[in-house]
Amino acid sequence: AGGLHFLMKCVSTHNYDTFFAVFLVLWGVFFMKSWKRKNCRLAMLWDVLDYEEQESDRPQFWGEERIDPLTNKPFTYYPKEQRSLKYCVSIFVILLIMTMVVVATLAVFSLPQRL
């Protein structure tokens, strides 16, 4: 008991931080185990153990119809060049807005000094 008390004093400045950390770790482990168990029980009860959700494409999604060489099923293909262009435009807009926020923040903090 003395060794544990010494360890607690060395590790933290508060007496119960170590106990709280151990409690959180144990609670997290037991919670995950019980959640997995409940998930499997409900999947068996609802008869969805081997269920895989098949998402359909959005109606606004457009692209070229192609046949998948592995499954021989049709799928909608969107060209990589257009996707990359949209990513680049999105990144540029995000960086521009972030720059505007930083400039506005600096202006707000420097304004009282100028008055």
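**View 1. Arg66 lies over the face of Tyr77, 3.8 Å from the ring centre.** A charge counts as over a ring if NZ of Lys or CZ of Arg is within 6 Å of the ring centre and within 35 degrees of the ring normal. This is a predicted model, in which local features need pLDDT of at least 70 and side-chain atom pairs count only at pLDDT 80 or more, while totals for chains, interfaces and linings use all residues. Residues are numbered from 1 along each chain as its sequence is written, and side-chain values use heavy atoms, with hydrogens and water left out.

**View 2. Glu64 and Arg66 meet in a salt bridge.** The N to O distance between their side chains is 3.0 Å. The structure holds one such bridge, defined as a side-chain nitrogen of Lys or Arg within 4 Å of a carboxyl oxygen of Asp or Glu. Glu64 is partly exposed, at 42% relative accessible area. Arg66 is also partly exposed, at 34%. Buried means under 20% relative accessible area, exposed over 50%, and partly exposed in between (1.4 Å probe, protein chains only).

**View 3. The chain has three helices and two strands.** Along the sequence they follow the pattern α-α-β-β-α. Helices (H or I, at least four residues) and strands (E, at least two) are DSSP runs, numbered from the N terminus. Helix H2 has 30 residues. From its first C-alpha to its last, H2 reaches 42 Å, close to the 44 Å expected at 1.5 Å a residue. That expected span is 1.5 Å times one less than the number of residues. Buried residues make up 3% of the 115 residues in the chain.

**View 4. Trp27, Phe31 and Trp35 form one aromatic cluster.** The structure holds two aromatic pairs. Trp27 and Phe31 are stacked, 5.3 Å centre to centre, with 20 degrees between the planes. They sit four residues apart in helix H2 (residues 17–46), and are therefore separated by about one helical turn. Phe31 also stacks with Trp35, at 6.5 Å centre to centre and 15 degrees between the planes. Phe31 and Trp35 are again four residues apart in H2, about one turn. An α-helix has 3.6 residues a turn, so residues three or four places apart point the same way. Rings of Phe, Tyr and Trp (its six-membered ring) pair if their centres lie within 6.5 Å; planes under 30 degrees apart count as stacked, over 60 as edge-to-face and the rest as tilted. Trp27 is partly exposed, at 48% relative accessible area. Phe31 is partly exposed at 39%, and Trp35 at 48%.

**View 5. A nonpolar patch lies on the surface.** Its members are Leu85, Val89, Phe92, Val93, Leu96, Ile97, Met100 and Val101. Together they have about 770 Å² of accessible area, computed by the Shrake-Rupley method with a 1.4 Å probe; for residues, only the protein chains shown count as cover. Patches are made of residues with over 30% relative accessible area and no salt bridge: like charges are joined within 9 Å, nonpolar side chains (Val, Leu, Ile, Met, Phe, Trp, Tyr) within 5 Å. Leu96 lies in helix H3 (residues 80–114). Leu96 is partly exposed, at 42% relative accessible area.

**View 6. Asp47 has a positive phi, though it is not a glycine.** The value is about 60 degrees. Asp47 follows H2, in the loop between H2 and strand S1 (64–67). Asp47 is exposed, at 66% relative accessible area. Most residues other than glycine have a negative phi.

**View 7. Asn72 also has a positive phi, near 60 degrees.** Asn72 is in the loop between S1 and strand S2 (74–77). Asn72 is exposed, at 58% relative accessible area.
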